[in-house]
2 protein chains.
Amino acid sequence: MDLDDRKKKILLAIIKTYLDTGEPVGSRTISKIDGLSLSSATIRNEMADLVDMGYILQPHTSAGRIPSDKGYRFYVDQLMAEKEQEIVERERETDEMKDMLIEKADKMERLLKQVAKSLSVNTNYAAMISAPQYHMNRLKFIQLSRMEQNRIVAVIVVEGNMIKNQIIDVEEPIDDETLLKLNMLLNTTLNGMAIEDINLSIIARMKQQAGEQAGIIAEVIDAVAESIKADEDLEIYTSGANNIFKYPELADNQKASEIITAFEEKKQLTDLVYETLSHSDEHGIQVYIGEESPVPNMKDCSVVTATYELDEGIHGTIGIIGPKRMDYDKVLSTIKKLTNELDSMFKKG
Amino acid sequence: MDLDDRKKKILLAIIKTYLDTGEPVGSRTISKIDGLSLSSATIRNEMADLVDMGYILQPHTSAGRIPSDKGYRFYVDQLMAEKEQEIVERERETDEMKDMLIEKADKMERLLKQVAKSLSVNTNYAAMISAPQYHMNRLKFIQLSRMEQNRIVAVIVVEGNMIKNQIIDVEEPIDDETLLKLNMLLNTTLNGMAIEDINLSIIARMKQQAGEQAGIIAEVIDAVAESIKADEDLEIYTSGANNIFKYPELADNQKASEIITAFEEKKQLTDLVYETLSHSDEHGIQVYIGEESPVPNMKDCSVVTATYELDEGIHGTIGIIGPKRMDYDKVLSTIKKLTNELDSMFKKG
DNA sequence: TGTTAGCACTCTAGCGAGTCGAGTGCTAAC
DNA sequence: GTTAGCACTCGACTCGCTAGAGTGCTAACA
C-alpha cells in the first residue's frame, strides 16, 4: 500500500489535531476541520489503512486514533524539511530571548543555566544544556603557583577561556626558580596543543627536559592530566523538569519518576549529549521520538536536541524534553533561533 | 486537659504505627500492640481526647487516626531528647558510609555530590547539601598570571582550599615586573583576611602602595571583589528527588510538582539553608514538619537539616526531605553520623 | 470512678449493573 | 470511488449495594 497524497493530508490532520487536544481523534472531527471535504466514512476507510500501515494507533475499538511513533516521525520529517526552507528564505530576526541571555551572562556557568531556564520557560517543556565539550580543545595557558610549602595550585586555561584548577601536593618543597622553569616548560611545550594530542612521548620529552626536576614534573603533569581528564564528565544544566507535570500522559507516577531520575542522574543525559554530538552535522537538529531516544527513561517522551558551537570544534548540546505530542513546530524554531543566537554571541565575545 | 503519661504512650504508639504503615490506625490496633493492656474502648476515649487536644486527626468518622503536625512535633521532640542521650553515651563507631565518601572525593564538588547521593540512597528520601558558606572565610592565596597581552587570570584560594577564578581584561598591557609587584602586594595585604573584612580603607591603602600602578590595581581588585561576590549564591547539590515517588502521599501530581520545583529552583533551597544556618547552635539538627518549613513548596513534607563545619566558622547545610511520616529515628542518626564524619574528615585533611 | 463490653451508627472502598456517547466497520446505494 | 446509514463496540460515568473497619455512646462492672 502506498502513502498517497490524500493519506498524507489526513495523517497530518490527525497528528495536528492530536497535538492540540491530546485526545484520540475521530473520523468526524477530521472530516469537518479538513479542507479536503470528504465524509467521515471516507476518512474512516483511509484511517483504517493508516492503522494497517502503522502510522496511527487505535487505543481501543471505539476510540479515535492517535499517532504512533512512526506517525510522529513522518510528521517531524515533513516539518524539518519545511523548516529547512524557511531558514534559508528568511533573515535572522532579532529575538527577545537575546536580551534576556546577555543580561548577566558574565560567566559561562551562569549563561548556560540561563539558557536552560529560558528554554524551559519559553517552551513549557523540560530543557537541558551541556557545557561545551573540550575534547578537541586546545590548551591556552598553564600556570603553577606555590600556595604553601608543599602545595602548588595549577591553573589551566583552555580555548574558550574555560578555567580549571588543581591543587597538587608535592613530596618535597619546590623553590621559586624551579617553579619558574616548570612554568616555562609547560607553556612552551603544551600551549596550543589539543588536549587529546598530549601523549606519552611528549610527556617523556618534557620529563627529559626537566632534567633533575623530572620527579617533580612527573607529579605535576600527572596532576594536570588528571585534572583535565577529571572534568571529562561534562557538566549538564537542566531546567523545567517540573513542566512534565503539565502533560497528563507523562504525569503518572511511574513515568514521571523515570523522567525525573534521568534528569537527576546526569549520566543518562550525558549519553544523550554524546549521541547528539556524534550525529551532528553542524547545527543538526535531532528529534528522538519515544523509543528512538538514546535514553531509555525517556521512552515516553520526545527529545529534540541541537548542537551549538562555541569555537572551532568546541560543541555543546541543547535539548528539550517533552511529551510525544509536543509542539514540534515551535520547539524547532525556538531551538534553531537559540543556537544561532549562541553561535553569534560566542563568535563576537 | 493534660497530656498525662498514658496519653503520651498512646500517642507515641499511634505515631509509630502510622510511620510503619502509612494508614490511619484504629483503637483496636493500639490496644493489641501496646504494652498498656487496655481495651480498645478505653483507647478510643483517650484518642478522642487526643483529637480534641490537636495531636491527632480523624480523616473521617469511621477511619482511624493519623498524627497531626503537632503530633509529629511531639514525637520528634521526644526522639531528639533521646538521641541527645544516646550520642553522649556511645562512642562514635566507624561507619561504612565513610569508605564510600572518601573513595574519590578529591574535589569538593565531587565530595558534596557524593554525600548527597549517599544520603538519598541510604535513607530513600530526597537529599540536599549546600557548599560551605565562605561568608566568614579567609583568603589564603591570590595569584595573578598573564594569559595574553591584555588579559590576566586571577586565582583566589580561600581557606578550605576552594578555588575561584576570574579573568580580568586590563586596559593597558602589564609587564612581568608589575605583575610580580601586584602579586606581592595582594598577598601580603590580603592573606589571612576574612573576605568580609576587606573594606574600602584597605583597598585605598593598597592603591596608594601600588603607586603608579594604582589604576591597574583598582581594576584588579574590583575584579577580585566581583569574583568573590559573584559566587555568593551558594551552590546546592541535590540527589534522590525521585524518591518522593515512593511515598503515595507525596506522589500525586500537584504535590510532586511542587517539590520537584523546589528542588530545581535552588532559590527555595537557599532559603532553607540560610534558615538552618541562622538557627544552628553547633550541629543543631533541625526538624521542620509540614507548615513549619521555611520552604512553602515543602508544606506536605518533613525536612530534617543539620549543619556541618568545614573549618572554623565555615558551615554548610545538609538536608533530607521526605514525607511527614518519615523514619525520623533513622534519619536523625544518619544525619548525625554524617555530620560527624564530615567534620572529622575536614579537620584532618 | 475508671474500665470494659456491646451495639448501633458512619463512612469508605470496591464491585457490578446499567447507561451514555463517541466512534467504528460494514453494507448498500449513489 | 464516495457517501449515508446502521448495528455494534467499548470506555467513562453513575448509581446502588455491600462489606468492613472503626467510631461514639450507653450501661454494666470492679
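First, the ground rules. In this predicted model, local features need pLDDT of at least 70 and side-chain atom pairs count only at pLDDT 80 or more, while totals for chains, interfaces and linings use all residues. Residues are numbered from 1 along each chain as its sequence is written, chains are lettered from A and ligands numbered from 1 in the order in which they are written, and side-chain values use heavy atoms, with hydrogens and water left out.

Let's start with DNA strand C. A residue is near the strand if one of its heavy atoms lies within 4 Å of it. There are 20 residues around DNA strand C, and A:S27, B:R6, B:T42, B:T61 and B:S62 come nearest.

The side chain of B:R6 has an N or O atom 2.7 Å from a phosphate oxygen of DNA strand C. What does B:R44 reach on DNA strand C with a polar side-chain atom? A base oxygen, at 3.1 Å.

Helices here are DSSP runs of H or I with at least four residues, strands are runs of E with at least two, and both are numbered from the N terminus. Four residues of the surface near DNA strand C come from α3(B), the largest share.

Next, the sheet in chain A. Two strands pair if DSSP finds at least two bridges between them. Five strands form an open, antiparallel sheet in the order β7-β3-β10-β9-β8. β7 (236–239) and β8 (286–289) of chain A are at the edges with a single partner strand each, so one side of each has no neighbour in the sheet. β3 (residues 126–130) of chain A is joined to β7(A) by four bridges, and A:A127 stands opposite A:S239.

Last, A:N187, in helix α7 (residues 176–190) of chain A. Is A:N187 buried or exposed? Buried means under 20% relative accessible area, exposed over 50%, and partly exposed in between, with a 1.4 Å probe and protein chains only. A:N187 has 16% relative accessibility, so it counts as buried. A polar atom of its side chain lies 2.7 Å from the backbone oxygen of A:I142.

How values were computed:
A polar contact is a pair of N or O atoms within 3.5 Å; within protein, one must be able to donate a hydrogen and the other to accept it, and residues adjacent in sequence count only if both atoms are side-chain atoms.
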